[in-house]
Amino acid sequence: MARTTPHDPPQTDARPLYWQIASLLLDDLHDGTVPPGERLPGERHLARRYGVSRETVRQALEVLRRDGLVATDRRGSHATLPGRPVEDPVSLTFPVGARPADLGAADRATVIWEAPPPQHAEALGLAPHRPTLVHRYRSATPDGRSLRTAVTSFSAVALAEVAELGRYRDRADGATPAQLRRAYDWMRKAGLTLHHRDSITQVGDAASVRVTRRVHDQYARPLEITDLVVNAEQDALVYEFTLPAAG
């Protein structure tokens with residue numbers, strides 16, 4: 001017979017009590033009672049709700065963290081969106097549309113500390129002309145024909161909470177190569193759940209399209225905005241990601 005603490009009720013289910021509580025919490029996540037990004041009630045509240053000890057609640061949350069369904073940071077535990085694991089390189093592609101260089105193509109990425117494009121400043125909540133970290137990416141054929149170009153601006157929140165990004169400020173001269181391929185990974189490890197919205201529009205003629213990606217965290221704070229322009233005749237655009245924060 002499974003051992004119980006004085007604060008836990010006798011068990012009638014063969015599974016450990018914390019697994020039962022994890023299942024109940026998972027039901028709340030699935031039915032939307034706790035929406036993605038929303039903070040979960042505290043351990044004390046959950047313990048009273050389910051009539052168990054706080055230690056049992058803590059173990060149940062750890063089960064959900066291991067499955068990527070709950071993340072915990074200094075603000076507490078919150079529901080996350082299920083998505084590709086952090087090890088999957090496809091889900092970590094930064095900026096949107098970038099990928100290993102095509103045969104014979106040359107990729108170049110740099111960062112600069114400057115005022116972002118006006119539409120980026122507005123989306124990130126930055127005052128006009130306030131500088132921030134701006135990432136520029138370009139992929140071109142050997143004869144100089146552009147395949148993909150992207151401009152990404154990061155918010156003050158991203159720079160303050162993601163140490164790896166913040167460190168680029170002092171070396172953002174616009175000339176030094178800067179491959180931020182793990183930018184989304186860094187955000188996730190900082191306890192941020194990444195939500196994105198992508199819009200696709202035609203640019204000029206039918207040969208080019210623009211993809212605008214806006215990324216925010218579980219608190220609806222903007223993290224970055226990217227404008228990618230791709231030559232639709234020469235390239236195929238495939239992208240996909242939803243990353244929960246690291247548990």
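These legends walk through several close-up views of one predicted protein model.

A word on the ground rules: this is a predicted model, so local features are kept at pLDDT of at least 70 and side-chain atom pairs at pLDDT 80 or more, while totals for chains, interfaces and linings use all residues. Residues are numbered from 1 along each chain as its sequence is written, and side-chain values use heavy atoms, with hydrogens and water left out.

**View 1. The whole chain, before zooming in.**
The protein chain has seven helices and nine strands. Helices (H or I, at least four residues) and strands (E, at least two) are DSSP runs, numbered from the N terminus. Of the 247 residues, 43% count as buried; buried means under 20% relative accessible area, exposed means over 50%, and partly exposed is in between, with a 1.4 Å probe and protein chains only. Take the contacts (heavy atoms within 4.5 Å) between residues at least 6 apart in sequence: 62% of them join residues at least 24 apart.

A nonpolar core here is a set of buried Ala, Val, Leu, Ile, Met, Phe, Trp, Tyr and Cys residues joined through side-chain atoms within 4.5 Å. The largest one has 20 residues, and Phe-154, Leu-165, Leu-180 and Met-187 touch the most other members. Helix H5 (156-161) and helix H7 (183-189) are the elements that give two or more residues to this core, and H7 supplies the largest share, four residues. Leaving aside neighbours within four places in sequence, Met-187 is in contact with Phe-154, Val-162, Leu-165, Leu-192, Leu-194, Leu-223 and Glu-224. There is also a second, separate core of 17 residues, which includes Leu-17, Leu-40, Tyr-50 and Val-70. As a general point, nonpolar side chains tend to be buried together in soluble globular proteins.

**View 2. Helix H2 crossing helix H3.**
The axes of H2 (residues 43-50) and H3 (residues 54-66) come within 8 Å and cross at roughly 105 degrees. That makes H2 roughly perpendicular to H3. Angles under 35 degrees count as roughly parallel, over 145 as roughly antiparallel, 65 to 115 as roughly perpendicular and the rest as oblique. On the H2 side, look for Glu-43, Arg-44, Leu-46 and Ala-47; on the H3 side, Arg-54, Val-57, Arg-58 and Leu-61. Sort the residues of this contact by type and you get four nonpolar, no polar and four charged. In that sorting, Ala, Val, Leu, Ile, Met, Phe, Trp, Tyr, Cys and Pro are nonpolar, Asp, Glu, Lys and Arg are charged, and the others, Gly among them, are polar.

**View 3. Thr-212 and its partner Asp-227.**
Thr-212 lies in strand E8 and is buried, with a relative accessible area of 15%. Its side chain is joined to that of Asp-227 by a polar contact of 2.6 Å. A polar contact is a pair of N or O atoms within 3.5 Å; within protein, one must be able to donate a hydrogen and the other to accept it, and residues adjacent in sequence count only if both atoms are side-chain atoms. Beyond four places in sequence, Thr-212 is in contact with Arg-197, Asp-198, Ser-199, Ile-225, Thr-226 and Asp-227.

A polar contact of 2.7 Å links the side chains of Asp-217 and Arg-221. Leaving aside neighbours within four places in sequence, Asp-217 is in contact with Leu-192, Thr-193, His-195 and Leu-223. Ala-220 is in the loop too, between E8 (208-216) and E9 (222-231), but Ala-220 is exposed at 61%. The phi of Ala-220 is near 65 degrees, a positive value in a residue other than glycine.

**View 4. Arg-148 meets Tyr-137.**
Arg-148 is in strand E5 (residues 146-154) and is buried, with a relative accessible area of 0%. Arg-148 and Tyr-137 are eleven residues apart in sequence and 7.9 Å apart in space, C-alpha to C-alpha. Their side chains are joined by a polar contact of 3.5 Å.

Key
Axes are lines fitted to C-alpha atoms, for helices over the stretch in contact, and angles run from 0 to 180 degrees between N-to-C directions.
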